[in-house]
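Open the model in your viewer and keep the sequence panel beside it. This tour goes stop by stop: select, look, move on.

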Amino acid sequence: MTSALVDIRALSVDYATHDGLLHALRGVTLEIVTGEVLGIVGESGCGKTTLGYALLGDLGPNARVKGVARLNERDILAMTRAELIAMRGRRVAMVPQSPGDALNPARKIGDQLREVLFVHSRLKGAQATARICSLLEKVHIPNPQAIMQRWPHELSGGQQQRLVIAMALLGEPELLVLDEPTTGLDVTVEAAVLDLLAELRRDLGVTIALISHNLGAIARACDRVIVMYAGLIVEAGTAAEIFARPRHPYTKALLECVPRIDRARSAQQPVPIPGNLPNPFAALSGCSFANRCAYAVFDCLAEQPALLPISEHHAAACIRWADIAAEPVAPKPGEAVQISSTDRREVMRIEELDVTYHVRGTKGGGGILKAIDAVSLDLAQGQVTAIVGESGSGKSSLASAIAGLRPADAGAIYLDRKLVHWSLRRRAGWTRKFLQMVFQDHTSTLNPELGAGRSIDRAVRLLGGARGSAVRARTAELMQKVGLDPTTAFRKPSELSGGQRQRIAIARAFAGRPELVICDEITSALDVSIQAQVIAFLQSLQRANGTSLLFITHDLGVVRQIADEIIVMYLGTVCERGPADAVFSGPNHPYTQALLESVASPDPALQRKHRPLAGPLPDPAERRIGCPFKTRCPKRLGTVCDTTGPPLRSAGDRHAIRCHIPVEELDRHWTPVAGTHISAAPKNGVDNISGVIGQ
Amino acid sequence: MRTLQHFSGGAVPLLPAILRRLGRSKAGLLGAAIVLFWVLAALLAPWVAPYPPNNLVGPATQGPSTLFWLGTDDLGRDVLSRLLWGTRSVLLLAPTAVLIAEIIGAAIGLASGYLGGLFDQVIMRLNDALIAFPTILLYLLIIAALGPSRVNVVLAIATASIPGIARIVRGVVVSLRKRGFVLSAQMRGESLWYILAIELLPNVRRPLLVDTLLRLGYATFSIGTLGFLGLGAPPPDPDWGGMVNSGVRWLSVSAWMTAVPAIALASLVVAINLIADAFEEGARP
């Protein structure tokens, strides 16, 4: 065995709070070997971040710590303040969650970097600038000299993340701890950040601990993975082992929650994990996962199983690991979905819709920003159409415009084949019953000062037309349909989890049996297991009522799971549209292809080569001529792309691509890297890949 | 046992939680005790005041004695009796003025913040115009125009307070109006009245409550000022500010006449501010 950089033995961390002792870590034993990338994965509240801060010896004054945490043979927990200060940044550095908060908005980027460098190595002046510039180049920030003169808010999310990583590297640490580095980033940016980590590890030899709830990111970046649940490590092993042959039911359940773009829709159903995390204030009795586990037997209630090795590269804390091994992670067949859209009633149609914003330029002058540029689409009854694209693609603006919340500036909106006004206020009453919306942010979707069930109640009255005791009955029924106990209605929204709040928002939207529901990024802030739950309830309500959905998301996995039709947007325009199976099997617009390639699959054996997109999204306020994607397109033809808007070409039945390149010459995205393809579940007879190619 | 009917009801109760936390603050409790003392003094004045407040009961400008515990004023009236009776006017006028201002200010702020656009622009510019006046000048203008009386003192203080309150409420509402719960209410066709009163108003309760208390202290002080300038209760009725004013001329003879009402006024203002501070802590969600 190679030398262990970090050696943690039986580490327990409890936090003293108003409500008692919160058990954040319940006895964690772990080694991090020099030069490896270790993935730490689990739902929110599993102790991942606490473990990360324990590595820095920074647990806060209310932490009660037991156990040993050694870094290079030195006990972090026994260090004096001076020793800790000397260690942080130079031996262990942390890249905290949300890079936007980690940068001081009132100081220029260069000043912040210089300060960090000065603290670590007393470098000043030109020497410091040179060091910083070389590091910024290493994290692929273009034009470092200019960037150092800028303010944090002037950078994109991806650039901020690179910058914070560079800042952490200024002290040349041996161990880099990254806390959710890709959360909140677009898939294309996420892929680029993960590439950067691989490069840093190769070039600088830095050891990396990557904390994430994104199983795809972990699979793409890590050598070894530990899975945490309720403050314990429940499974540890090499990434290949864990993702191909999980031996703990929690790992297996998590993997089943993840929507996969490499599986046909008919082969996957969202499989939520039932129940909740155990109470962090209570001591565990029996296995922490037993109450949610499909494999639990009576013996599981006896004690928490120890993390025991089951093979050379794999350990699991489950008494039934051998039985779990017998069932590989296999796609569960979903209901067969009938798609025969030809003779179905049209529910919504928009024609040449424009949404423009008047913006004040930073350096004098103003401009017009076309958030939506002549977008047309239609939706048949019972159809699920997904709109995908990076942030800034205009997908949320499109949702607001259709809902009438942000009136459009040109074009026509038809609901139920009737022309309706751009503005919600001036639409007829029937449209409110017809069209409802579920919003992105679960923290503000319910009024914090009113009971949680209040808005369902009002929707039942106003849209469902119920009166008197029928209101209560219908509200209770709706809450049960989204898997909530009707008494949840009395609780304050702050007492509910994000998933519960989002389910209430869904119940509220379906209260008047609408024909069309717009879902704007409704799962983007939720854990995968919660996301699966929310999607499952949404889907059951949608199918039961024959409702059409306009599903806006940046998560292509979710799209694969629920969409009949896909619309890919870039800078306010549609660059590709078509039936889901056609879009996932290609040929694709170069932008769609980049998106598809960027998705990190939770299977290390299926990692695809991807070509990173050049640069960030261009300033949407700039006047555009030619193809909107020309600045980042890896297949740019030449001047024709700069001067002429590309034509919309047919690529099959209802599948259309807006590109100058003829459809026959466009790639299919599915190009597995030769030699790395190992079928995850050969015994089961389900070949994941043929499932897609056969479409 | 609660029934499902309940969630058609009002907002999540706020006061019990705040009062519980107020109970934990020593400064807040001290403030509450002082305010309670003055409230009792106002209520019990007819029984505890040793003399009728407007009667000439002894020699003028006396210091404290067993007959006149806090001395007598320039006309030979009992300072203690006048102080106790004078409590009534302060404790009645200040809360009335603040309550009127909070109701009107909140209504303006809610409508302006939620509706936005030209309406908001016009209302807020008018607001700015009012704020631009020095407060004391505004008081004097209003009272000069309407004539000195208790009602007009209330009106003057309320008018001067409205713009500040409207601004606070508007700020909160602007930050809320694009939130999911407001958009959802719009999408299900709630009336303007419902959105303002049921969805938005409960969310401005916390800042409004703290503002009310801070403003109450300020209004108390203003009433003292106006009384001092001779714009409070018309003579011979007792008025703390008026008592300070009439005492100032006799400072070299007897400081008691000035000190007693001044200290009383200060203690009331400080006590209300202590409660406001404790509320501010307690109102944090």
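**Two crossing helices in chain B**

Start with helix 3 and helix 6 of chain B: helix 3 of chain B passes helix 6 of chain B in a right-handed crossing. To find the pair, select residues 79-115 for helix 3 and residues 150-176 for helix 6. Their axes come within 6 Å and cross at roughly 35 degrees. Now colour the contact between these two helices of chain B by residue type. Its residues divide into 21 nonpolar, seven polar and four charged. Bear in mind that this is a predicted model.

**The whole of chain B**

Zoom out to chain B. How many helices and strands does the secondary structure of chain B come to? The count is eleven helices and zero strands. Read along the sequence, the pattern is α-α-α-α-α-α-α-α-α-α-α. Chain B has 285 residues, and 40% of them are buried. Take the contacts in chain B between residues at least 6 apart in sequence: 69% of these join residues at least 24 apart.

**Where the chains touch**

Show both chains. The contact takes 33 residues from chain A and 21 residues from chain B. On the side of chain A that touches chain B, select strand 18 (435-438), helix 15 (454-462) and helix 16 (469-481) of chain A. Each of these supplies at least two residues. Which element of chain A gives the most to this side? Helix 15 of chain A does, with six residues. Colour this side of chain A by type, and its residues divide into 15 nonpolar, nine polar and nine charged.

**Chain A at a glance**

Chain A holds 23 helices and 24 strands. Of its 695 residues, 52% count as buried. Colour chain A by confidence next. The mean pLDDT of chain A is 84, and 89% of its residues reach 70 or more. Then select residues 670-695 of chain A, where pLDDT stays under 50. Where pLDDT is low, the predicted coordinates should not be read in detail.

**The eight-stranded sheet**

Strand 18 of chain A comes up again here. Show the open sheet of eight strands in chain A, with the order 18-19-20-15-21-22-24-23. Its pairing is mixed. Strand 18 and strand 23 (648-650) of chain A stand at the edges, and each has a single partner strand, so one side of each is left without a neighbour in the sheet. Look along the sheet: the twist averages 20 degrees from one strand to the next.

Select strand 15 (residues 384-388) and strand 20 (residues 548-553) of chain A. Do they run parallel or antiparallel? They run parallel, joined by five bridges. For one bridge, click A:T385, whose partner in strand 20 of chain A is A:L550.

**A covered helix**

Select residues 395-403 of chain A, which form helix 13. Is this helix mostly covered or mostly uncovered? Helix 13 of chain A is mostly covered, with eight of its nine residues buried. Among the buried ones are A:K395, A:L398 and A:I402. Step on to A:G404, which follows helix 13 of chain A and has a positive phi, near 85 degrees.

**A hairpin**

Go on to strand 16 (residues 410-415) and strand 17 (residues 418-420) of chain A, which pair in the antiparallel sense over three bridges. A:Y414 stands opposite A:L419 in strand 17 of chain A. The two strands form a hairpin with two residues between them.

**The four-stranded sheet**

Jump to the open sheet of four strands in chain A, with the order 2-1-4-5 and antiparallel pairing. Its edge strands are strand 2 (20-33) and strand 5 (74-75) of chain A, each pairing on one side only. Strand 1 (residues 4-17) of chain A pairs with strand 2 of chain A over eleven bridges. Click A:A4, and opposite stands A:V33 in strand 2 of chain A.

**Last stop: a loop residue**

Select A:L637, in the loop between helix 21 (590-598) and helix 22 (639-643) of chain A. A:L637 counts as partly exposed, because 14 C-beta neighbours lie inside 10 Å. Leaving out residues up to four places away in sequence, A:L637 touches A:H660 and A:I661. A:H660 is 23 residues apart from A:L637 along the chain, and their C-alpha atoms are separated by 7.9 Å.

Note on methods. Residues numbered from 1 in each chain as written. Chains lettered and ligands numbered in written order. Predicted model: local features only at pLDDT ≥ 70, side-chain atom pairs only at ≥ 80, totals over all residues. Buried ≥ 20, exposed ≤ 12 C-beta atoms within 10 Å, placed from the backbone. Contact = placed C-beta atoms within 7 Å. Nonpolar A, V, L, I, M, F, W, Y, C, P; charged D, E, K, R; others polar. Pairing = 2+ DSSP bridges. Axes fitted to C-alpha atoms, helices over the stretch in contact; angles between N-to-C directions. pLDDT = per-residue confidence, 0-100. Left-handed = near helix turned anticlockwise from the far one by under 90°.
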